[in-house]
Amino acid sequence: MPNRLAHETSPYLLQHADNPVDWWPWSDGAFEEARKRNVPVLLSVGYSSCHWCHVLAKESFEDEAVAAYMNAHFVNVKVDREERPDVDAVYMEAVQAATGQGGWPMTVFLTPDAEPFYFGTYFPPEPRHGMPSFRQVLEGVHSAWADRYDEVAEVAGKIVRDLAGREISYGDSRAPGEEELAQALLGLTREYDPQRGGFGGAPKFPPSMVIEFLLRHHARTGSDGALQMARDTCERMARGGIYDQLGGGFARYSVDRDWVVPHFEKMLYDNALLCRVYAHLWRSTGSELARRVALETADFMVRELRTNEGGFASALDADSDDGTGRHVEGAAYVWTPEQLRAVLQDDAELAAQYFGVTEEGTFEEGASVLQLPQQEVVFDAERVESVKRRLLDARSRRPAPGRDDKVVAAWNGLAIAALAETGAYFDRPDLVEAAVGAADLLVRLHLDEYARLARTSKDGQAGANAGVLEDYADVAEGFLALASVTGEGVWLEFAGFLLDHVRTRFADDSGALYDTAADAEKLIRRPQDPTDNATPSGWSAAAGALLSYAAQTGSEPHRAAAEKALGVVKALGPRVPRFVGWGLAVAEALLDGPREVAVVGPAADPGTRALHRTALLGTAPGAVVAVGAPGGDEFPLLADRPLAGGEPTAYVCRNFTCDAPTTDPERLRTALTR
């Protein structure tokens, strides 16, 4: 019989709806039940494409005896971290403070007042490697609760007090300047891996936000070192197994330093961020590799992640059926020489050499992850394309990885920005249309009449959870990019509504930002994290959107809010640049102006289109673009901008100073470079 999760919209929670565990969703009712029964709450946090979450579920939550013990002695609460990043953040902070590490699945035992007192991640079904079994943990916690309650309550109280004392030292409210950005670049140079690209050791995550900073820093200062780190890292990733050489798109991370073996799940946010980065790399360098990867990644998102409603699904699982009924990580993507021969016959040897497939394999059980190793050999381009088509066709007949169909507002905002810009750069109106479709869905389904955002939706139904700071900031970022590309001022207007919420509901008087709104559900502490993780932090994403909106509209309060928010980047940038890349990128835009470009002219005039395209392809960090007919009122930047000599005309301004208007795309291009 299904438990209480059967009516949830989260695919992750629905995966647990038939467990014998009597799961509750996160709700007041769960904690009232714990109070009534005088038992602790077992909080289990994970997400749909998390491999070890599935393992724990299979081993323990589907076990009748374990479930019976859980039901007898706990109120069991299941949370999808992607739906409730606030709940996840608060308890993950506690786990990391107590154990020095964290991860998912996350297992936390709470009092009925939601105060944590015991923590862990994955627990095996039997004791191993010094870890207790899950059953032993349950018995130990139950025993402590029953026999040593005063001790448990004291521990819980101390943890909550300690968390309250971990408020961010905000620093000052001034944005970083030349000195801090130079120090950040030096710090990145020290952590850079010159042999393999990327930063640090294994596992290696794609550093998309840091690369955005490096590209902007190069554009502003001409630093060759910054450009080389960005270009080489992008090339190594694109040639590695972390990139899907047949279908496009990136996996979550590489388990090794060489980008060979990925953790195979594919997340919308990684692909949105990387699509945009590769498009920007092409804009800076003209790299054919960057162009190909940007377009293939955009096509992957549209082909495999777009939902029936026009939004973008969250993720594809790492695991799939290997053809024998076993769910195996990477089964959809890896190849043995024998499998190549079965599909390609005479071309199998060429494919093995081209993609680095070996007899011993680069993954497990003799299988290889496809790569593009650097080689002296010149391959026949037509044969290679034929090989890729046939392999992709054969792969499409393998069991597909599961898809998490939940539409997350923030990640769709990132996808909108990436698809709009990639479509504009490479003359792919279908990609711009996909961005508009996702934006329409967010407005129609996620925004209420007060422009408050729902965090998620699924199958055309909005979820019950309120948007957090990253939702408001990333959706505003997507809408601002869409406004620049389409010339439709309504997207600028919607961005303004969202950023009004950021300023009134997520900021305090000092300019510091919180991850949840002032009127959101009260947790044991109000989460606040300015560091980038897999996505830009809500804090730095908000700073970027506020700055772009201020440049588009001339709004001084929005610019002041952006500058105040960047104060934390001044403190963190020189110390931990890898974890504040987006904030550093926004600081680059602030130092550059950012530049404001207004293009006036009839929409159908080729001259207008040439100037608009040139403006979008300018590398000046964070430049904003408005385009429209003379006298148009869609964008404040178009006000009082006449045609010059009756020709389409571009105006470039920065820091309250404007260049002479120009009708020449070449002069405009020069004005938008260093």
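**Burial, pairing and charge**

Me: In which helix is serine 540 found?
Reply: The model is a predicted one. In it, serine 540 belongs to the helix that covers residues 538-553. That helix is H20.

Me: Is serine 540 buried or exposed?
Reply: A residue counts as buried under 20% relative accessible area. Serine 540 has a relative accessible area of 3%, so serine 540 is buried.

Me: Which side chain does the side chain of serine 540 join in a polar contact, and which residues is serine 540 in contact with when neighbours within four places in sequence are left aside?
Reply: The polar contact spans 3.0 Å and its partner is serine 537. With neighbours within four places in sequence left aside, serine 540 is in contact with Asp532, Trp582, Gly583 and Val586.

Me: In which sense do E15 and E16 pair, and what is the hand of the crossover between them?
Reply: Strand E15 (residues 596-600) pairs with E16 over five bridges in the parallel sense. Glutamate 596 stands opposite valine 624 in E16. From E15 the chain passes through helix H24 (residues 606-616) to E16, and this β-α-β crossover is right-handed.

Me: Which strands stand at the edges of the open sheet of four strands?
Reply: The order of this sheet is E16-E15-E17-E18, with mixed pairing. Each edge strand has a single partner strand, so one side of each is left without a neighbour in the sheet; the edge strands are E16 and E18.

Me: Which residue in E17 is the bridge partner of valine 600?
Reply: E15 and strand E17 (residues 649-654) are joined by five bridges in the antiparallel sense. The bridge partner of valine 600 in E17 is threonine 649.

Me: Where does arginine 252 lie, and which aspartate forms a salt bridge with arginine 252?
Reply: Arginine 252 lies in the loop between helix H10 (224-239) and strand E6 (253-254), and aspartate 270 in helix H11 (residues 268-285), so the pair ties together parts that are 18 residues apart in sequence. Both aspartate 270 and arginine 252 are buried. The closest N and O atoms are 2.7 Å apart, and the partner is aspartate 270.

Me: How far from glutamate 265 is the nearest side chain of opposite charge?
Reply: Glutamate 265 lies in the loop between strand E7 (262-263) and strand E8 (266-267). The residues it touches include Tyr47, Phe250 and Arg252. A salt bridge needs a side-chain nitrogen within 4 Å of a carboxyl oxygen. Glutamate 265 is buried and has no salt bridge, with arginine 252 at a distance of 5.5 Å.

Me: Which residues are linked with Asp193 and Lys204 in a network of salt bridges?
Reply: Aspartate 193 and lysine 204 form a salt bridge whose closest N and O atoms are 2.9 Å apart. Aspartate 193 counts as buried at 3% relative accessibility, and lysine 204 counts as buried at 1%. The network also holds Arg196, Arg257 and Asp258.

Methods. Residues are numbered from 1 along each chain as its sequence is written. This is a predicted model: local features need pLDDT of at least 70, side-chain atom pairs count only at pLDDT 80 or more; totals for chains, interfaces and linings use all residues. Side-chain values use heavy atoms; hydrogens and water are left out. Helices (H or I, at least four residues) and strands (E, at least two) are DSSP runs, numbered from the N terminus. Buried means under 20% relative accessible area, exposed over 50%, partly exposed in between (1.4 Å probe, protein chains only). Lys and Arg count as positive and Asp and Glu as negative; His and the chain ends are not counted. Contact means heavy atoms within 4.5 Å. Two strands pair if DSSP finds at least two bridges between them. A crossover is right-handed if, with the strands pointing away from the viewer, the path from the first strand over the helix to the second runs clockwise. A polar contact is a pair of N or O atoms within 3.5 Å; within protein, one must be able to donate a hydrogen and the other to accept it, and residues adjacent in sequence count only if both atoms are side-chain atoms.
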